[in-house]
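Here's a quick tour of a structure, with a few spots picked out for you. Have a look at it first, then follow the notes below.

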Amino acid sequence: MVKEEQEESPNRPDNTAFTQQRLPAWQPILSASIVIPMFVLIGAAFIGVGVALFIASRDIQLQELDYTGDDSAHPCYKCRSSTEKCTCSMTFSIPNLFKGPVFFYYGLTNYFQNQRKYGASKDDNQLYGDLDYFKDPSSSCDPYTLDSRNIPIVPCGALANSMFNDTFSLSHVVNGTQKIVPLNGKGIAWWTDYNVKFRNPSVTPLINAFNGTKKPTNWPKPAYELDTTDVYNNGFINQDFLVWMRRAALPDFRKLYRRITHDDYVNGLPAGNYTLTIEYNYPVYSFNGRKKVVLSNVSWMGGKNDFLGIAYIVVGSMCVVMSIVMLIVYAKFKFAEDD
Amino acid sequence: ANDRAFNQTWQYAKNAIKTSKYNLFSFLPLNLFEQFSRLANAYFLFLLILELIPQISAVPWFTTAVPLIVVLSISGVKDANDDINRHKQDKQVNNHKVKVLIHGEEEKWMNIQVGDIIKVESNQFADLLLLSSSEPLNLIYVETAELDGETNLKVKQALTVTGEMGDNIDDLSAFRGEVRCEPPNNHLDKFKGTLTVDEQQHGLDNDKILLRGCTVRNTEWCFGLVIFAGLDTKLMQNSGRTTFKRTSIDQLMNLLVLCIFGFLATICAIMTVGHAIWEVNEGSTFTAFLPRQSGVDIPLSSFYTFWSYVIVLNTLVPSSLYVSVEMIRLGNSFFIDWDRKMYYPKKDTPAQARTTTLNEELGQIKYIFSDKTGTLTQNIMTFNKCSINGRNYGRNLTPDDNECPLQNMKRVDFTWNQLADPKFVFHDYSLLESVKEGNPEAQAFFRLLALCHTVMSEEKKEGELNYQAQSPDEGALVTAARNFGFVFRSRTPETITVMEMGRKVTYELLAVLDFNNVRKRMSVIVRDPEGKMTLYCKGADTIIYERLHPSCSKLKDVTSTHLNEYAGDGLRTLALAYKDLEESYMERWLQRHQEATTAIEGREDRLDVLYEDIETHLMLLGATAVEDKLQDGVPHTIEQLAKADIKIWVLTGDKQETAENIGYSCNILREEMKEIFVVTANTADKVKEELQNARRKMCPGSAEKPKVIKARAGLFWLQKTQTVQDEKVNGEYGLIINGHSLAYALQEDLELELLRTACMCKTVICCRVTPLQKAQVVELVKKYKQAITLAIGDGANDVSMIKAAHVGVGISGQEGMQAVLSSDFSFAQFRYLQRLLLAHGRWSYIRMCKFLQYFFYKNFSYTLLHFWYGFFCGFSAQTVYDSWFITLYNMVYTATSVLALGLFDQDVNDRWSFRYPQLYSPGQLNMFFSKRTFVQCLIVTTYTSLVLFFIPWAAMQDSVRGDGKDVADYQSFSMLTQTSLMLVVSAQMFLDTHYWTAINQFFLLGSIAAYLAITFTFYSNGLFFMFTSSFPFIGSARNSLNQPNVWLTMFLTCLLCILPTVAYRFLHMLLRPTITDKVGNQNQKPFYCIDPAPAPYRPPPRRVSTRRSSYAFSHSQGYGDLVTSRKFLRLKRRPSLFGRKDSPLVENQPQRYRTITEETKESQT
């Protein structure tokens, strides 16, 4: 036999499992013994995960304050259309201890950070601190590449130009006196954004790098003055700037403003009355946007979002129901066939 | 002639052939041009240009450029490879050495020119004027199977003037002459011209022309003058342009692609309107943050948006679709080439997929049109049984009279006879014993076979006999006689020399009473050395029986039962008889014969009377049964194909009886059929009547007027289709129609009648059909049935049919290559058709359907997300995914696993598909991929894309990371959706794949691994350092994929997409099982896990009817005149050659060439 094969004609196809399509293979089939238990198991697992998610989400505390001021009774109503610097304050009370760490978010709605042209209107090279692009920003930044006198804008682009510039302060009313709650502005951006994606040019002092450039038109102060107190929070690596530059996926979004991690508030905000003071700069009235401040803590699964838990429970229950239906159908038809 | 310098002054076609398309320099521009003239590639080029316009470009240019370049280079490499092969083939043919007599040197084939004289040693030459040959009388024998499909030998004869030169090279080289002839044309049977030698004109006709494509037989050498070369040769002029065949799935795919384009335009229009509305409502108020570019107002920006969405959504029809389809077909074609079970060791021919674009059509065949000779049968006749003096020989009996299967029988040993043909096989020892014992009847029987024929023998070496028979039947009979000790050795016009049991006996041949269609018998009158004169006669039993001596009546009855038995086995029978003649009678008869042959008027009639007179009172010797050997496994294959609901029509040039007989023996016609209608009428009305009668008998309730459903289909619905519905018939019927009737039936007013009747029958046999009619029948079915047809044949006469059918199959390994060359698939044996269709075809079809479904699924799911996202991003043509993901999704992440699906998937293995041929039927009904399944696929993908978008959308609403940082940002959202998409399409792939080979597993897991690896690499710091602006997604993988809620969202999305499909499939299997499922349910275990026992094949029961095909000679008059012709021997003295012009050879030449065009005229009249 072996000999014969050696004498085989070259025209004879090779006898391998591959050429003869006899490759060993696993042939799974949707048999009842697999499908029905699988549905039961998935259903059970989903309900379990769903309940856990739901509880986790329910336990998260959330304090939301809309300060758009479109209602004439609202303290910020006056700032709505003012062009001057305008400050307003809102009070709210926390009934129980707001467990820490507490995160301080600002939120915008109907704001299209995900618009393609808006999102593309930036220059990554410039933000990476490449001085060549300070002088000659990418044309993707249009119409915020050059100002009217053809001086390059740094940071260029609509995204940077529209940076959120309301500022907040929070005070705790303790025994009738306002006690400022210290807000931590560090560690609110992604590590990669802070350390890799955004860089200041290696020029000291930083201001020299910006020679011959202009600040974005909407900005009250240039980039190198964003935080004059801290070199590591200034320029392009200013954390507020970084948070803003990470554009949102959806038109309603919230962004981290500060963390409350200091002093007496390490364990959270104690019950009591609080005052939120807002320096109202950012116009949203024109496009029907809303602004809000959100205080929230987090759980293992992130921020408050009931959807995921509910969805898991619903899908899990549907799996269980489906498995029962399949079992009935299977029993009826399988046994009918056996007869 | 034979003067190159002179000949070159005319511009004759060069003999060099060129089939290659490119050379080294023209390759790139030409190939690129060709590729971009394909619609799909041009479309992507257009997209690429769009992407370069900054106002429109929604994605970076490389998202289209990279796939396009990959696609172009893959097809470019393939084209280049094909072209290199063509170059090689051309070179091989062109450099073929031929002896040219200019300087007596060898010359390359490509350099041969018109006017050269060449020595023909091989079978590849141009159209030649025959000058001289090695054979007597300057004859040469040629086989023209490649030209017209006729396998019998034909004779060509050179002019005497040139023939005189023989093989004298000096003479030939010095030969000067002038040939004037008609310009190149495609008539194979006509040639007109003159040769002027030494101022003397000689007429040239077809008998002196050797056409390219002929095979020279029994001729050692011959010399010829090249008349037409290269493209001017009749063969080349005759080869019709090959039409490019497309599969029905291809057409459907094109249609769907077109629909998808429409769909794309609709979506883009919706997005444009949406954009305009958004711009009015939101965008105009949002200008503080996103100012409009100067000069871009709402209509213009909407216009831009339209094109931007064309770019973003173009992945609905990805560029890789056509390339992937081609690759899958190529792969499946390789599997056909590689299949050992379709390799024929005897001829060393593997199966070959010559066209790599028709694979899936093999899984949808509804009608098979088969040739008979060489396809169903081997075209080998074997002497199988005989009845001598009332004794039946050759049955498969053991010594104690029990039937015994043939395989267990021992072959009769013929080694005692040195002149025996070693290939001859016989199993009945008793016959040999009878002959050896000296049984006079048995000896007379074989003596008759050795004497009464027109075979010519050739003995190149002592003892090595070679018979040249005009029909294979005769050859078989003479060979049988040879092996049983009556060796026909040689013949002269007056004598026949036979070795009788080792003793040399020379008979004097007094007369040959030749065969013709009316006489259906042939006789010889010989005088043995003792002076006894005998007439030996063989012929159709009915004819012989009329002429028997009354004393034979008892023997006649016995022989009759034997004949019936033979006929029942599908053997061709002949009855043999002899008559001793008296000297006085013979003398008178010979004298009359002499008078008759020389008579000028009424020669034929007078001879007929004479023959009738002498062929009476014959003594019956017995009967022979010759088997027209079927190829191995033909009945079984046909039974299997019939079970697979494939209708088989046999279209043959053979006579009705032969065809019918073969029909029975290969199981196409069956005894249990209710009735077999035979249509043989000779007028249109009669044909119509017969067809209608048959139809009414089969289906009395059928409407008189056929229902023709007219519809439009194809691209832009330009194609009109007419469909005749199948009609239900109870019971099985057969239809046999002959060529004359078919010619009428194929006329326009009758073709529907023919089609309806024929399609009601289980079996249709058309006999005596011309090549053109074969094609017409195929076209008829194609036109009205909208079914996939397959034509299978071996000869050049099948070429038209092979080209006309959707799929053409050639039987290779035979001598003629014409059918194979024009076929799409070729293999050596008919029985491989079963494997080609039931295994390869079914697989290819299922694979292609699965592939297309999955491919559309994955791309729709992927692309529609952009549509949903549009509603949330201001219809700004923002892509959901990273542009690198868009670039690589079709090329890398999902390419390999879907290819593996299209190459390796098997729902059941080949053994099961043979066990249950019914598994083939879903393909015929187009069940796995049609417009319906496409719509289903569309619904599923819409659901999938909705889930894929809205679950992450809802889950990420206001969500943050565990450390409070952003996770609802655009980049994380992209990461989340694209990873979910990868999981979903992989899970779907998991569900769709039935046959998990290691390769599938590797590709699927590899795809996911590659996705993760590439994603992490592209989002890494390093690449960002190097190419800052190209990789803006830095860090998003790290920052989102470490979040539990991201993973939980992905699992939810994935399961929500997949579980409904699982549940649906499971319930569908229970509630409405498909054939595949049903087959599975017959077994307790999951059926594809165990191998089936091979289906026992029961040979069909022996027929009991007395249907008899009695005849075995060729169709036309035999060679009788030639063998008795005095001019048969090559005579040394010239003078005797004159007068050759009215040699009977010219008149009696067997079947002439008939061109297709002529047939048309005939069939139309």
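Let's start with A:Cys76, which has 0% relative accessibility and therefore counts as buried (buried means under 20% relative accessible area, exposed over 50%, partly exposed in between, with a 1.4 Å probe and protein chains only). Keep in mind that this is a predicted model, where local features need pLDDT of at least 70, side-chain atom pairs count only at pLDDT 80 or more, and totals for chains, interfaces and linings use all residues. Residues are numbered from 1 along each chain as its sequence is written, chains are lettered from A and ligands numbered from 1 in the order in which they are written, and side-chain values use heavy atoms, with hydrogens and water left out.

- A disulfide is a covalent bond between the sulfur atoms of two cysteines; here the test is a pair of cysteine sulfur atoms within 2.5 Å.
- Over all chains, that rule gives 3 disulfides.
- A:Cys76 pairs up with A:Cys88, with 2.0 Å from S to S.
- The torsion about that S-S bond is about 85 degrees, so the A:Cys76 and A:Cys88 disulfide is right-handed.
- A:Cys88 counts as buried because its relative accessibility is 3%.
- A:Cys79 is joined to A:Cys86 at an S to S distance of 1.7 Å, and both of these cysteines are buried.
- For A:Cys79 and A:Cys86 the torsion is about -65 degrees, so this disulfide is left-handed.
- A:Cys141 and A:Cys156 make a disulfide too, at 2.0 Å from S to S, and both are buried.
- Count the bonded cysteines along chain A and you get the pattern 1-4, 2-3, 5-6.

**Around B:Asp371**

- The "active site" annotation of an unreviewed UniProt entry covers B:Asp371; UniProt positions are given in the numbering used here, feature names are shortened, and annotations may be inferred rather than shown by experiment.
- With 3% relative accessibility, B:Asp371 counts as buried.
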